[in-house]
Amino acid sequence: AIEPLGENTLKGTLTAREGKNGVTKIRIQVAGLKAGNHGTHIHSGASCGDGGKSAGPHWDPFNTNKHGVPHDPATAHHAADMPSIEVKANGKGVMNFETKNFKVEELIGKTIVIHENPDNYTDTPANGGSGARIGCGVIQEKKK
């Protein structure tokens, strides 16, 4: 579950599953957010504590130290970089994303963070200018 950080009513979920040909399918659903685009990233930490700071930096298994376009190969940027989620006037949004940059099992124990602003997929400003962390959830294996 994705829970709010700070003064908002964000609630959401992240679902990840393996697709065909090595593709990982990600679906993020949120409610209770202001309309607009919000950056979404996988962070390397295993906790949402300390106002989301415990989520740590963007997950970067190839040590690229670069923020980038989600559909580029993971060796070109943080594997964690995903598309922004578009939230409608009713406060709800859905983001579907397919990637070969990571497998579902690699996400377990990391965090999903929703940011205040859209992502411009560059390093200027830092982390694509997506701003404050407004929602966070620890990614867990689904109970069978």
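Glu3 is partly exposed, with a relative accessible area of 35%, and it forms a salt bridge with Lys11 in this predicted model. The structure holds three salt bridges.

**Salt bridges**

- In the pair formed by Glu3 and Lys11, the closest N and O atoms are 2.7 Å apart.
- Lys11 is partly exposed, its relative accessible area being 47%.
- A salt bridge also joins the side chains of Glu98 and Lys25, at 3.6 Å from N to O.
- Because Glu98 lies in strand E6 and Lys25 in strand E3, this pair ties together parts that are 73 residues apart in sequence.
- Glu98 counts as partly exposed at 46% relative accessibility, and Lys25 is partly exposed at 28%.
- Glu86 forms a salt bridge with Lys88, and the closest N and O atoms of that pair are 3.4 Å apart.
- Both ends of this pair are partly exposed: Glu86 has a relative accessible area of 43% and Lys88 one of 47%.

**Strand E5 and its partner**

- Strand E5 spans residues 81-87, and six of its seven residues are buried, so the strand is largely enclosed by the rest of the structure.
- Strand E4, residues 36-43, pairs with E5 in the antiparallel sense over five bridges.
- Within E5, Glu86 stands opposite Asn37.
- In a regular strand, side chains alternate between the two faces of the sheet.

**Nonpolar core**

- The largest nonpolar core has 23 residues.
- Ile26, Ile28, Val30, Ile42, Met82, Ile112 and Ile114 are the residues with the most contacts inside this core.
- At least two residues of this core come from each of strand E3 (24-31), E5, strand E6 (93-99) and strand E7 (111-115).
- Leaving aside neighbours within four places in sequence, Val30 is in contact with Leu10, Lys11, Gly12, Ile85, Val87, Gly91, Lys92, Gly93 and Ile114.

**Asp60, a buried acidic residue**

- Asp60 is found in the loop between E4 and E5.
- Asp60 is buried yet has no salt bridge, and the nearest side chain of opposite charge, that of Lys66, is 10 Å away.
- A polar atom of the Asp60 side chain lies 2.7 Å from the backbone nitrogen of Asn65.
- Not counting residues up to four places away in sequence, Asp60 touches Asn65, Lys66, His77 and His78.

**Backbone features in loops**

- The peptide bond from Thr124 to Pro125 is cis, with omega near -10 degrees.
- Pro125 is found in the loop between E7 and strand E8 (133-138).
- Asn21 is not a glycine but has a positive phi of about 55 degrees.
- The loop between strand E2 (11-18) and E3 holds Asn21, which is exposed with a relative accessible area of 68%.
- Asp50, a residue other than glycine, has a positive phi near 55 degrees.
- Asp50 is found in the loop between E4 and E5 and is exposed, with a relative accessible area of 59%.

Terms used:
Residues are numbered from 1 along each chain as its sequence is written. This is a predicted model: local features need pLDDT of at least 70, side-chain atom pairs count only at pLDDT 80 or more; totals for chains, interfaces and linings use all residues. Side-chain values use heavy atoms; hydrogens and water are left out. Buried means under 20% relative accessible area, exposed over 50%, partly exposed in between (1.4 Å probe, protein chains only). Helices (H or I, at least four residues) and strands (E, at least two) are DSSP runs, numbered from the N terminus. Two strands pair if DSSP finds at least two bridges between them. A nonpolar core is a set of buried Ala, Val, Leu, Ile, Met, Phe, Trp, Tyr and Cys residues joined through side-chain atoms within 4.5 Å. Contact means heavy atoms within 4.5 Å. Lys and Arg count as positive and Asp and Glu as negative; His and the chain ends are not counted. A salt bridge is a side-chain nitrogen of Lys or Arg within 4 Å of a carboxyl oxygen of Asp or Glu. A polar contact is a pair of N or O atoms within 3.5 Å; within protein, one must be able to donate a hydrogen and the other to accept it, and residues adjacent in sequence count only if both atoms are side-chain atoms.
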